[in-house]
Amino acid sequence: MRDFLKRLPKAELHLHIEGSLEPELMFALAERNGVALPYASVEEVRAAYDFQDLQSFLNLYYQGMGVLRTAEDFHDLAMDYFRRAHAEGVVHVEMHFDPQAHLVRGIELPVVMEGLSLARRHAERELGLSTALIMAFLRDRNAAEAMAVLEQAAPYWEMLDAVGLDSAERGNPPAKFVEVFERAARLGIPRVAHAGEEGPPEYIREALDLLDVCRIDHGVRCLEDPELVTRLRDEGMVLTVCPLSNVRLRVVERLADHPLPQLLEAGLRVTLNSDDPAYFGGGLLTNYLACHEAFGWSEEIFIQLAGTAIESAFVSDRRRLALR
Ligand code: HPA
Ligand code: ZN
């Protein structure tokens, strides 16, 4: 099965590029930039990744990205991930990035964009990997700031495949960002949003009704609302589910308890994703393998899951055909 899953052409639709920062690179960049780390070794870093919930992860996630300072750092971060993904049989990567998390540290948007853009070109040329870029707004900060970031990104609007919504979900409903997402819609930029990871099914409804998203990131809590499940199925809405993330952030206790089988049973369009691979125990292949172990799924199910990701990826029809 490992060989089969490795060879299967896989697309990653839900990845935070800052969450792909492995402790080894964190140390290398800390040294290069003279940034002090609160850890003595990579082992100590990994030992600290024992999360209680989303917020306890986010605290270390925002701390870890403090080593990213130059365009070269962002390039190296993304290339490091692209190489690992390529080695796992990933053929297409859609990466979220969090401009506000860098702006608050004094790292300007052009620095981030230059580094990530260069890495995307390298990945395409050296690895034959296609990529897409999703600029995410931090939902635990105010909407005016998100709007300002969207306007500031004007030189890069053409390069954005979508905007997204991430960070601490509870108490920060999609409704807070209606105007920002309306502005993105008028600009012709597609929209996705995290909803129903820790937040209630109502947040999934809001993301659909108020933000007009074309995919829901996570969405696993939809099962608490049967009418919503019917709607998601009828609309063919894609959920970008992140199995190992949900275990590590204690959305579920064990992978065997994960609602993935029920989501498939309900006829929903589900994809598997790694979310923050450096923090949650592995990349896309590791997530596929863990699901095989937990659910005993056949090759056909994995072909379906990988196919759904390619169907709903932000790529041209021409590239979509090449990905299969
Ligand atoms: N959830 C919400 N926000 C995030 C995550 C996540 O798993 N990773 C990075 N930002
Ligand atoms: Zn996420």
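The model is a predicted one, so to speak of local features takes a pLDDT of at least 70 and to count side-chain atom pairs takes pLDDT 80 or more, while totals for chains, interfaces and linings use all residues. Residues are numbered from 1 along each chain as its sequence is written, and chains are lettered from A and ligands numbered from 1 in the order in which they are written.

Ligand 1 is surrounded by His-16, Gly-19, Leu-54, Tyr-61, Asp-166, Ser-167, His-194, Glu-197, Ser-245, Asp-275 and Asp-276 (a residue is near a molecule if its C-beta atom, placed from the backbone, lies within 6 Å of it). By class, this shell holds two nonpolar, five polar and four charged residues; here Ala, Val, Leu, Ile, Met, Phe, Trp, Tyr, Cys and Pro count as nonpolar, Asp, Glu, Lys and Arg as charged, and the others, Gly among them, as polar.

Next come the annotations. UniProt gives "binding site" (unreviewed entry) for His-14, His-16, His-194 and Asp-275. These residues span 262 residues in sequence, yet no two of their C-alpha atoms are more than 11.7 Å apart, so they gather at one spot. UniProt also places a "binding site" (unreviewed entry) at Asp-276, and for "active site" (unreviewed entry) the record lists Glu-197. The positions follow the numbering used here, feature names are shortened, and annotations may be inferred rather than shown by experiment.

His-194 is found in strand 5 (strands, E, have at least two residues and helices, H or I, at least four; both are DSSP runs numbered from the N terminus). His-194 is buried because 30 other C-beta atoms lie within 10 Å; the cut-offs are 20 or more such atoms within 10 Å for buried, 12 or fewer for exposed, and partly exposed in between, with C-beta atoms placed from the backbone. Leaving out residues up to four places away in sequence, His-194 touches Leu-165, Asp-166, Glu-169, Asp-217 and His-218 (contact means C-beta atoms, placed from the backbone, within 7 Å).

Asp-275 sits in the loop between strand 8 and helix 14, and Asp-276 lies in the loop between strand 8 (269–272) and helix 14 (277–280). Asp-275 counts as buried, with 29 C-beta neighbours inside 10 Å, and Asp-276 is buried with 26. Beyond neighbours within four places in sequence, Asp-276 is in contact with His-16, Gly-19, Tyr-61 and Ser-245. For Asp-275, the contacts counted that way include His-14, His-16 and Cys-242.

Glu-197 belongs to the loop between strand 5 (192–195) and helix 10 (201–209). With 24 C-beta neighbours inside 10 Å, Glu-197 is buried.

Thr-240, in strand 7 (residues 238–241), is buried too, with 24 other C-beta atoms within 10 Å. Its C-alpha atom is separated by 4.8 Å from that of Asp-217, 23 residues apart along the chain. Among the contacts of Thr-240 outside four places in sequence are His-14 and Asp-217.

Finally, the helices. The axes of helix 5 (residues 71–87) and helix 7 (residues 109–127) come within 7 Å and cross at roughly 30 degrees; axes are lines fitted to C-alpha atoms, for helices over the stretch in contact, and angles run from 0 to 180 degrees between N-to-C directions. Their contact has twelve nonpolar, four polar and three charged residues, including Phe-74 and Phe-82 in helix 5 and Leu-116 and Leu-127 in helix 7.

Key:
Two residues are in contact if their C-beta atoms, placed from the backbone, lie within 7 Å.
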